[in-house]
Amino acid sequence: MTVAVGPEAISGQRRLFDTDRWLLALCFILPVAALVIFFLYPLAVVVIRSITEPDGSLGFANYVRVLDSANFWNATANSLTMTLSTTVLSVGLGLVVAYAVHRCRVPGRTVIQASVALPLLAPSLVQGLGLIFLLGRNGIVARASGIEIEIYGFWGLLLANMLYALPQATLIIGASLRSADARLYEAAEILGTPSWRQFIDITLPNIKFGLLSAAFVVFTVTITDFGNAATIGGDYTVLATEIYNQVVGQMNFNLGAVVGILLLLPTILAFYLERVAAQRQFGVASESAVPLTPVWTPRRDLPMMAAAGAIALMPIVTIGIVIYASFVRLWPYRFDLTLRHYSVTVAGGYDPLWTTVEISLLAGLVGTAALFALGLALQRAPRRLTKPIYFVCLLPAAVPGLVLGLAYIFAFNVPGTPLYALYGTAVLLAVCNVVHYATQGFLTTMTGLRQVPPALEETATCLGGGFARVVLDVIGPFMLPTLVSVFFFLFMRSMVTLSAVIFLVTPTVSVASVSIMRLDEAGFTSQAAAYATCTMAVVVAASALMRISLHLLDRRR
């Protein structure tokens, strides 16, 4: 039997098809245009500025001046020494913590994991601030023992960077350890292989790419960090502080661009190697693997518990002493408690903190929506388009925050151009934060989209649902936990970031992390601690809200 299809039905189908096509086009064009305007264009401008000579001509005189400078080579040597030392220390300690949590029957594993992750909830300079309160000339240790410790410089910066990078190393190594196949260890037990031999012959080979991935992540995080170096680095100059000194201290923007480009090279290389190592580690895991459930072994678990507990205690003490110092009347002479330091009247008071909350909310909302839209479009776009866009979306993770902030100055602080209207606004700071952390959000979004059952989409389409209806009724509800995670990730990282926005703040629009640094530089150390405590309180509240939201969504499912 044939069914007659009238002109109205055909016209309706065409309209539906056109609507879907235009929606898909917007989902693709708007995020890609934002990537071009707010990422590729500023990077291109900073490259051009690095080869622009004072008279306006193009050349490599700036590179010659920088490469002939003893300060640059000193900062480079210091950066590499510091970064490699931090990488070895962080990966080693991260392996101890991850092994204790995932391969041993250690009581309080959740507490250990939460303690190690504490630095993720604070601006990077808080680690340096805590070490000053603890080990500085007027620190608790020096006052109690009478031994003066020189914490400013290499050793203090090494400890601060280690605490800042330890959570990333622990998470990556822990993910590698979770993918173990219990059958290999059962076979080794049957053959009488001792535990230490199993670790050398089975565990280390299986997690080698995870260790490499963790090492490259720590390398990238350390060589690009500015907060700790500015707080506790002292005279130990690194590339991040060299860029800051060139731009803010000497107003040499072109030379700052050169140092930024040179800092970008090892970061991109480390990021590329990290991606290769992560893919290799993913390829090692087997879908048929039997999860390994550790059994209580006192001679192994007790020492690992002590070691992991000691490591987890370091961030607790470092961040805890910052909170404690914010309530002390006069550090380190009068330890009676007071709220006087929370009455911040300099550096704009608490206005930068509320501005940071607004910026972070905007970054979370806009970033989550843009990444979700782009993910939807890439899933349906031809492969010849998806590959280059996917590659560009991975690049922001390889760009140091200082370089991105410097690029935004060159691109948007140009009077007479349409983009100049954004300079000095909270909107530009929010966009900068979205771009800075876009890679992690993008990868999380794409992972969530791949987990949406294709059968659900096909069923909705067969029932006559258009693209918008499928997104609202099928993909959206399924993706909601992922989108909530991406939103809170962007929010929390925007709350604590420093390097990407240090060049973009103005007297009227500033952020909390910059205020903490300014207070510390001005000698208001206790007020800096109070400001840092307030910032961490907002981030902790956001983290708790995220967990509650995800729990409620899970129960509703």
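These legends go with an overall view and several close-ups of a predicted protein model.

**A word on the numbers.** Residues are counted from 1 along each chain as its sequence is written. Since this is a predicted model, local features need pLDDT of at least 70 and side-chain atom pairs count only at pLDDT 80 or more, while totals for chains, interfaces and linings use all residues; side-chain values use heavy atoms, with hydrogens and water left out.

Figure 1. Helices here are DSSP runs of H or I with at least four residues, strands are runs of E with at least two, and both are numbered from the N terminus. Some 51% of the 557 residues count as buried, meaning under 20% relative accessible area; exposed is over 50% and partly exposed is in between (1.4 Å probe, protein chains only).

**Figure 2. Where domain 1 meets domain 2.** Domain 1 covers 20-49 + 344-557, and domain 2 covers 69-283 + 291-338; the bounds come from an automatic or database domain assignment. Taken over C-alpha atoms, the two domain centres are 25 Å apart. Domain 1 puts 36 residues into the contact and domain 2 puts in 39 residues, with contact meaning heavy atoms within 4.5 Å.

**Figure 3. A cis peptide bond between Trp 331 and Pro 332.** Omega for this bond is near -5°. Pro 332 sits in the loop that links strand 1 (328-330) to strand 2 (334-337).

**Figure 4. Ala 98, buried in helix 3.** Helix 3 takes in residues 70-103. With a relative accessible area of 1%, Ala 98 counts as buried. Leaving aside neighbours within four places in sequence, Ala 98 is in contact with Arg 103, Thr 170, Ile 173, Gly 174 and Leu 177. Ala 175 is 77 residues away along the chain, yet the C-alpha atoms of Ala 98 and Ala 175 are separated by 8.7 Å.

**Figure 5. Gln 246 and the residues it touches.** Look for Gln 246 in helix 11 (residues 239-249). This residue is buried too, at 10% relative accessible area. Not counting residues up to four places away in sequence, Gln 246 touches Met 251, Asn 252, Leu 255 and Gly 256.

**Figure 6. Trp 296 in a loop between two helices.** The helices on either side are helix 12 (253-284) and helix 13 (298-325). Trp 296 is partly exposed, with 46% relative accessible area. Setting aside neighbours within four places in sequence, Trp 296 is in contact with Arg 105, Asp 301 and Leu 302. Tyr 350 is 54 residues from Trp 296 along the chain, and their C-alpha atoms are separated by 50 Å.

**Figure 7. Glu 521 in helix 21.** The helix runs over residues 512-521. Glu 521 is partly exposed, at 49% relative accessible area. From Glu 521 to Thr 231 there are 290 residues in sequence, but 8.0 Å in space, C-alpha to C-alpha.
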